[in-house]
Amino acid sequence: MRSVVGVALAAATVIGLEGCRAAAGDGVTLRFWAMGREGEVVQELVRDFERENPGVRVRVQQIPWSAAHEKLLTAYVGEATPDIAQMGNTWMAEFAALRALEPLGPLLARSAVDDTSYFAGIWESNVIDGQPLGVPWYVDTRIIFYRSDLFARAGYPRMPGRWDEWRTALMAVKRRAGPAGYALFLPPNEYEPLLALGVSAGSRFLAEDGTRGAFSEPAFRRAFDFYASLYRDGLAPPMRNNEIANLYQEFARGYFAAYITGPWNLGEFASRLPDSLQHAWATAPMPGPDGPATGASLAGGASLVVFRGSRHKEEAWRLVEFLSRPDQQLRFYRLTGDLPARREAWSDSALTGDPRIRAFGDQLTRTVSMPKVPEWELIANRLRDYAERVVRGGEPADTTLAELDRDVSRLLEKRRWLLARAHAGAAR
Amino acid sequence: MIGVGVRGQAVAGWMFIAPAVSLILLFFFVPVTAGLVLSLTDFVIYAIASPATARFVGLANFAAVLADPVFWTALRNTLFFVLVGGPLTVAVSLAAALLVNSRLARAQGFFRSLYFAPVVTTLVAMAVVWRYLYHPHYGLINHVLGLVGLGPVDWLGDPRWSMPAIVLLSVWKKFGYNMLILLAGLRTIPDELYEAASLDGAGWWAKFRHVTLPNLAPTFLFVAVMTMIEQFQLFAEPYVMTQGGPLKSTTSIVLLMYEEGFRWWRMGYAAAIAFVLFAIMLVATMIQLRLQKEQTT
Amino acid sequence: MRRRLPALVVNTLLVLGALATATPLLWMLSASFMPTGQSNELPPRLLPSAPTLEHYVILFTRLDLARNLGNSLMIAIGSTAICVVLCSMAGYAFARLEFNGREKVFRGLVMGMLIPAQVGMLPLFLLLKAMGLVNTMAGVMIPMMAPIFGIFMVRQYALGIPRDLLDAARMDGASEWRVFWRIVVPLLRPIMATLAIFIFLSSWNDFLWPLIVLSDDARYTLPVALANLSGEHVQDTELMMAGAVLTVTPVMLVFLVLQRHYVRGLLMGGVKG
């Protein structure tokens with residue numbers, strides 16, 4: 001028993017000391033949270049930053065994408081946020097509402113980095129309530145990856161730019177594929193393609209300053225009907241992306257001939273498809289309901305943010321500037337396949353010489369950001385669940401979208417109340 | 001001198017329980033009460049930054065829970081786990097206990113320890129292992145099924161099989177625990193009863209029904225109730241293996257509570273879910289106790 | 001033959017059961033030594049062709065799981081020590097000390113056992129945040145420091161201590177503290193051992209609470225680190241199996257070595273119902 005008490009005391013001491021373990025010592029250590037492949041790769045890049053900035057060390061913590069959203073929020077609540085983090089730009093509104101992010105206006109004013117170096121739609125997605133809260137690190141948008149050989153054989157050497165023509169092309173490809181094949185892989189558990197169709201149709205998704213659902217409005221309805229028809233007419237299989245055994249194998253087999261996805265798949269397709277097919281696939285921007293100019297897509301990607309709670313904001317900002325340099329952006333691109341956010345980097349031959357990447361460059365001039373409400377992530381998930389009910393469960397679109405709007409409006413009730421309160425306060 | 005005499009006992013009594021009870025009060029009962037209060041507010045993400053934005057909304061969260069189709073799906077999934085997984089676990093435990101206890105069994109100690117081993121393992125680690133065992137192409141389980149001519153099952157990808165897959169893992173992991181308890185219960189049954197039954201010409205099935213089961217009843221009840229309470233708290237397996245999918249077929253009530261509370265930070269709503277779960281568990285326990293009482297009287 | 005058949009049946013069933021129980025664990029162990037990619041072959045392999053330690057090396061170097069192992073160890077040992085001290089004192093007091101309100105308080109605690117832990121988790125998280133204990137080891141340990149079940153277990157056992165023994169010591173003028181320290185504790189040793197094993201295992205295997213409370217990967221316990229890895233490295237089967245082996249081995253060792261005490265404790269709690 002004596003020894004047990006001894007251990008208990010020792011434990012208590014360790015716990016007490018652990019709290020006091022201050023970051024004593026010379027030099028600054030920046031804590032940098034990064035996700036996925038970017039998290040693995042950035043560890044290399046920061047070595048150069050450390051060399052250029054003696055006295056500053058960077059500790060990269062890798063977090064899987066599946067847990068990143070929760071981890072960032074929990075860290076905020078527990079007051080354990082890192083100095084700098086990679087943050088998906090659709091999450092910015094949430095963290096802005098929490099006042100967790102350091103407004104970057106003053107830092108940008110003194111810096112070589114400015115908004116003209118970035119694609120307009122992408123930069124805009126980082127500005128919340130007039131304040132820039134993040135600097136775009138890499139950009140992401142969704143376009144069509146397709147088997148150019150199969151489409152050519154069906155009579156379409158180039159991807160059409162209008163929905164109705166696109167649909168006809170898909171039907172032609174499906175006819176050639178036969179009953180066991182499909183034209184387009186459109187997993188119901190990915191909401192990005194549906195959102196891309198939505199922005200192309202001009203849907204605003206939320207109404208009244210982001211306080212009510214607008215999914216029953218004609219614009220979104222048009223996109224949704226088009227989306228649902230792709231399944232109904234047998235052009236896309238109702239399979240989730242984790243139900244297909246191996247997406248790349250199936251693409252190579254011709255089980256489907258097109259897939260709406262993002263830039264990371266440029267590298268994946270190149271490495272996973274057999275050599276014989278390396279000249280048989282291409283990319284094309286999203287078609288629009290009324291022609292190529294209306295073919296918009298999502299302004300995605302991730303930004304670098306500095307947290308308000310950081311005690312090393314100057315050094316953190318220097319790291320942001322470092323990673324935003326065109327040469328570092330290109331290096332990052334070469335290591336991950338993520339497209340650079342800095343426009344200067346796009347003049348490099350690596351990007352201009354490849355027509356597949358040019359399609360991304362083209363699409364990036366027509367991107368729209370998602371509504372900047374903190375609840376957006378949750379709403380997008382709900383949209384996906386309701387869409388799956390129509391597509392896989394066979395429920396009618398009318399009632400399901402109306403129900404979605406009601407659900408979304410309920411989720412936004414708090415926001416409505418807060419805005420009303422703020423307006424009432426301002427009016428006085 | 002502390003604690004001399006009768007009054008000394010009274011003082012010492014309180015001092016001895018003080019550390020433990022204060023910890024329990026502060027870190028268990030207070031949060032539970034706070035949870036009840038939280039469930040009556042609309043505490044969402046905005047309130048993390050400014051708590052003043054949380055308003056008292058009465059029973060609105062509870063009404064929303066009962067109106068939420070995802071909750072009913074989670075309830076259905078959880079009830080499946082409780083009503084199928086629970087009895088299955090207990091049945092396997094009983095079978096194992098009977099086998100190990102049999103006088104005909106060899107190396108009883110070895111089998112008993114081996115059957116118990118999964119209980120001791122970390123659930124997260126086992127969920128990771130079983131995720132690979134369930135792989136439609138490369139997993140051992142489909143391979144074994146293939147050897148007896150049964151088609152490959154997409155265990156974790158097919159909404160019809162995902163919950164049974166989790167039940168199977170759970171039975172494997174837990175049966176050893178109840179087996180030990182039932183073993184202890186079996187050992188208290190006097191041999192004379194079995195001998196008397198043999199003399200009356202009873203076969204093993206009759207002995208089981210008329211000697212074993214009745215004498216095992218109290219232990220059995222304990223095992224059944226404890227198992228059921230644990231089954232209601234299903235979380236780690238779906239979290240690690242399926243994230244609640246596919247098509248929400250493995251979303252359990254606790255997983256739903258975790259997502260609403262820690263992913264979306266709708267804490268008032270999540271707290272309401274927790275209390276609804278508590279109420280359901282209470283009712284289920286009372287029903288079970290009542291049923292057992294009626295059976296034995 | 002007729003006499004031998006039942007024995008054959010029983011033992012065959014036992015062996016089949018053993019196979020079903022052991023196979024996942026054995027495969028886990030085997031796959032952890034396989035070269036990368038070998039566990040994803042058709043037909044599935046049972047044994048590695050060229051056993052390698054490379055995955056374990058990665059765990060300890062690139063992924064720094066030794067740190068998480070250390071965290072789990074410290075938290076488990078700390079919780080165990082604190083719990084044994086607090087629960088022994090309280091359990092004994094509820095069993096053998098007379099004080100006002102004793103039964104009421106105990107009944108209240110027993111009612112608490114019915115409440116699932118998840119009910120209080122969210123507010124507890126907010127409370128710890130206010131106390132600055134989020135993302136700390138202390139925060140992780142708190143729910144395990146004085147579990148009601150532990151007090152219940154000790155009390156059950158302490159009810160078997162003869163009153164005369166204690167009264168005799170009191171008659172000799174010993175204080176309650178001395179009685180506890182000199183007489184009761186040696187008698188409680190078996191149940192304290194069982195409780196220690198219980199708490200060690202529960203603390204080591206705990207998942208949801210450390211998942212909520214810890215945000216820094218350097219502070220993660222082993223189960224949380226493993227779950228984190230499995231999200232990222234879902235393709236690296238062998239690496240994940242090595243991580244699972246690492247997580248499971250300490251508790252298996254504790255169990256194998258200290259089986260007797262653990263089983264005895266289980267049986268006591270169970271049979272009394």
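Between chain C and chain B, eight residue pairs are in polar contact, both residues being at pLDDT 80 or more; a polar contact is a pair of N or O atoms within 3.5 Å, where within protein one must be able to donate a hydrogen and the other to accept it, and residues adjacent in sequence count only if both atoms are side-chain atoms. The model is predicted, so that local features need pLDDT of at least 70 and side-chain atom pairs count only at pLDDT 80 or more, whereas totals for chains, interfaces and linings use all residues. Residues are numbered from 1 along each chain as its sequence is written, chains are lettered from A and ligands numbered from 1 in the order in which they are written, and side-chain values use heavy atoms, with hydrogens and water left out.

The count of salt bridges between chain C and chain B is zero, a salt bridge being a side-chain nitrogen of Lys or Arg within 4 Å of a carboxyl oxygen of Asp or Glu. Contact (heavy atoms within 4.5 Å) involves 97 residues of chain C and 86 residues of chain B. The two chains bury about 7,800 Å² between them, with 81% of it on carbon and sulfur atoms; buried area is the accessible area (1.4 Å probe) that two parts lose on being put together, summed over both. On the chain C side, C:Leu14, C:Thr21 and C:Leu122 lose the most area to chain B, together 9% of what that side buries.

In chain A, six strands form an open sheet of mixed pairing, in the order S2-S1-S3-S14-S6-S15. Strands (E, at least two residues) and helices (H or I, at least four) are DSSP runs numbered from the N terminus, and two strands pair if DSSP finds at least two bridges between them. Strand S1 (residues 28–35) of chain A runs parallel to S2(A), joined by eight bridges; A:Phe32 stands opposite A:Val60 in S2(A). Helix H2 (residues 36–52) of chain A packs on this sheet, touching S1, S2, S3 and S6 of chain A, and its direction makes about 175° with that of S2(A). Axes are lines fitted to C-alpha atoms, for helices over the stretch in contact, and angles run from 0 to 180 degrees between N-to-C directions.

A further open sheet of chain A has four strands in the order S8-S11-S7-S12, also of mixed pairing. Strand S8 (184–185) and strand S12 (281–284) of chain A stand at its edges with a single partner strand each, so one side of each is left without a neighbour in the sheet. Strand S7 (residues 143–147) of chain A pairs with S12(A) in the antiparallel sense over four bridges, and A:Tyr146 has A:Ala282 as its bridge partner in S12(A).
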